[in-house]
Amino acid sequence: MTTLCARGISVRYGTRDVLDDVTLSLDAGEAVAIVGPNGAGKSTLLRCLSGVLTPTRGGVTLDGRALSGYRPGAAARVIAVVPQVADVFFPFTVREVVALGRTPWLGTLGRASPADDRIVDDALARCDLLPLEDQRLDRVSGGERQRALLAMAVAQRPRALLLDEPTTHLDPAHQRATLSFARDSALRQGLLVVAILHDLNLAAAFATRTVILSRGRVVSDGRMTEETLRSVFGGGLRVIEDGVRRVIAHDPL
Amino acid sequence: MRYATVLLSLVGALLLALLAGLLVGAVAIAPGDVLSALSGASGSDSTIVRDLRLPRVIGAALVGGALAVAGVLLQSLLRNPLADPYVTGSSAGASLAAVLVIATGAVSPLALPLAAFAGALAASLLVWQLARAGGRTTVLSVLLAGVVLSSFCGALVTFLLVWSDRLALRLRAVLGWLLGGISVLDLGELVVAGSVIAIGVALALMLAPRVDAFAFGEDSAAALGVDPERATVAILLTCSLLTGAAVALSGLIGFVGLLVPHAARFAAGASAARLIPLCFLAGATVLVLADLGARTVVAPSELPVGVITGLIGGPFFLSLLMRSRGIARA
């Protein structure tokens with residue numbers, strides 16, 4: 001069982017608290033969506049949870065041990081981060097990018113073993129990328145690039161998967177595909193999956209649990225209600241349910 | 001083309017370039033005499049081949065290879081296709097430190113490369129700090145920091161040249177070296193530079209996966225289990241070993257570290273582990289040929305090889321800069 005806990009973490013840039021006393025306990029098997037207005041501290045929270053950023057106050061624990069006490073390589077064998085679709089400056093192939101996921105598992109000499117190659121093959125196959133493995137990352141479509149970054153995290157063989165706005169720049173079909181892959185990883189394979197999402201409807205479809213951040217604080221944790229949504233995002237939002245779907249609809253403008 | 005094919009053809013190209021460097025020079029020597037000189041014959045032609053041309057072509061090969069490998073590391077680390085030891089100011093830092101050592105009159109064969117290494121390291125750490133002062137490294141901030149540092153070091157070197165009697169006595173030699181002249185005085189120098197460069201290339205190969213982990217930036221490297229600060233220092237240290245050894249042998253040679261990795265990526269993609277051997281061979285070949293040009297274009301006079309690489313590399317750099325305006329804004 002993997003448990004990732006934020007215990008009273010705050011992050012201060014200058015005089016501004018980007019995160020203010022956030023406490024969360026996230027467990028394996030959960031699909032957690034983090035939503036909130038721009039500047040609410042979502043990315044900062046994710047960076048703290050992955051150990052990339054050390055909070056100014058408070059701390060993050062992984063399975064009960066302080067995350068800052070892990071060696072960088074050891075933490076990366078448990079937690080994988082899918083970065084936002086990034087600019088690529090150099091002609092890496094899809095396969096080379098996916099193989100980057102093996103970095104925390106390589107020895108000092110940095111050579112990949114046949115077992116590493118098989119894990120990369122498997123990650124490519126699971127993300128339907130085998131036919132594209134020798135294509136350059138900057139020459140494939142946006143959706144394919146997103147899948148390659150996802151496959152990179154899969155090749156890391158993590159127990160927790162963190163995604164930073166994985167659906168921006170994707171069309172609805174690719175949004176669904178990416179998030180259903182992430183949800184399956186949580187519900188079927190027992191990973192802890194945490195995704196920052198801007199689209200509230202996608203969050204409602206994806207998540208078993210939704211954390212709403214506003215001004216660096218957790219204002220709601222669990223199920224989004226119309227009341228909290230209206231108070232965080234302003235009026236004009238309505239939650240409509242039909243027993244299967246929860247739709248967050250805008251009032252006519 | 002397959003990677004192994006590219007690698008083998010480059011080995012062939014380097015051997016041919018080395019041979020050409022031995023055969024051609026200010027004094028015409030028949031190919032047969034060159035071969036007998038290499039196999040140990042005596043005579044004035046043999047002395048020219050063995051004591052002048054051979055150390056020089058080997059020196060050129062080592063310098064070119066070292067600069068190209070340092071270029072790959074810097075470009076990948078900074079995610080900047082316009083970085084190399086010359087542009088980022090580490091060559092200038094190395095040359096300033098080396099000139100300081102000459103001015104103090106140190107005689108140990110290790111003093112010059114050691115000082116050049118320290119100078120390159122100080123300069124690259126400084127540029128890295130300056131460039132990320134704004135929060136994140138951008139293509140332009142690195143170039144600006146490098147330009148400013150290079151001019152500053154250049155001004156100090158000029159000051160030292162005028163001020164120090166010891167340097168003034170050897171003005172022509174020091175100036176020639178500064179402009180990028182490969183002047184190998186003795187075998188000891190080559191052995192020192194060669195060993196340092198071998199260590200640098202071995203370190204570069206070991207660091208290759210960490211270099212690649214920077215493909216999506218520092219955060220992503222950290223999430224892949226690479227400590228960005230420590231890896232950056234290790235990579236800059238390796239670059240400085242290579243740059244220091246190269247500058248100690250040959251002064252300021254620009255653009256080899258920029259041109260060669262760029263061309264190599266067309267043949268072998270972006271993975272550092274594949275690029276490093278390729279760049280070493282290609283850089284060595286390019287500089288041996290450039291040095292051949294430097295010795296023959298205005299024979300019996302000689303051009304500093306830095307002039308040749310500058311004439312070819314400058315326009316190339318500008319065209320890269322124009323095409324990367326989008327990156328520069330990022």
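How many of the five residues of strand E7 (residues 160-164) of chain A are buried? Five of the five are buried, and E7(A) is mostly covered.

The model is predicted: local features need pLDDT of at least 70 and side-chain atom pairs count only at pLDDT 80 or more, while totals for chains, interfaces and linings use all residues. Residues are numbered from 1 along each chain as its sequence is written, and chains are lettered from A and ligands numbered from 1 in the order in which they are written.

**View 1. Strand E7(A) is covered on both faces.** On one side lie Ala160(A), Leu162(A) and Asp164(A), and on the other Leu161(A) and Leu163(A), all buried (20 or more other C-beta atoms within 10 Å of the residue's own, with C-beta atoms placed from the backbone; exposed is 12 or fewer, partly exposed in between). Strands (E, at least two residues) and helices (H or I, at least four) are DSSP runs, numbered from the N terminus.

**View 2. E7(A) pairs with strands E6 (residues 79-82) and E8 (residues 192-196) of chain A.** The pairing with E6(A) is parallel, over four bridges (strands pair if DSSP finds at least two bridges between them). Ile79(A) has Ala160(A) as its bridge partner in E7(A). The pairing with E8(A) is also parallel, over five bridges, and Leu163(A) stands opposite Ala195(A) in E8(A).

**View 3. Helix H1 (residues 42-50) of chain A is largely enclosed by the rest of the structure, because eight of its nine residues are buried.** Among the buried residues are Lys42(A), Arg47(A) and Cys48(A). Gly51(A), with a positive phi near 90°, follows H1(A).

**View 4. Chain A touches chain B through 26 residues, which are in contact with 25 residues of chain B.** Contact requires C-beta atoms, placed from the backbone, within 7 Å. H1, helix H2 (72-76) and E6 of chain A each give two or more residues to this side of chain A; the largest share, four residues, comes from H2(A). The side divides into 17 nonpolar, five polar and four charged residues.

**View 5. Helices H12 (residues 256-268) and H14 (residues 305-323) of chain B cross at roughly 60°, with their axes coming within 9 Å.** Val256(B), Leu258(B) and Leu259(B) in H12(B) meet Thr309(B), Gly313(B), Phe316(B) and Phe317(B) in H14(B).

Conventions: Axes are lines fitted to C-alpha atoms, for helices over the stretch in contact, and angles run from 0 to 180 degrees between N-to-C directions. Two residues are in contact if their C-beta atoms, placed from the backbone, lie within 7 Å. Ala, Val, Leu, Ile, Met, Phe, Trp, Tyr, Cys and Pro count as nonpolar, Asp, Glu, Lys and Arg as charged, and the others, Gly among them, as polar.
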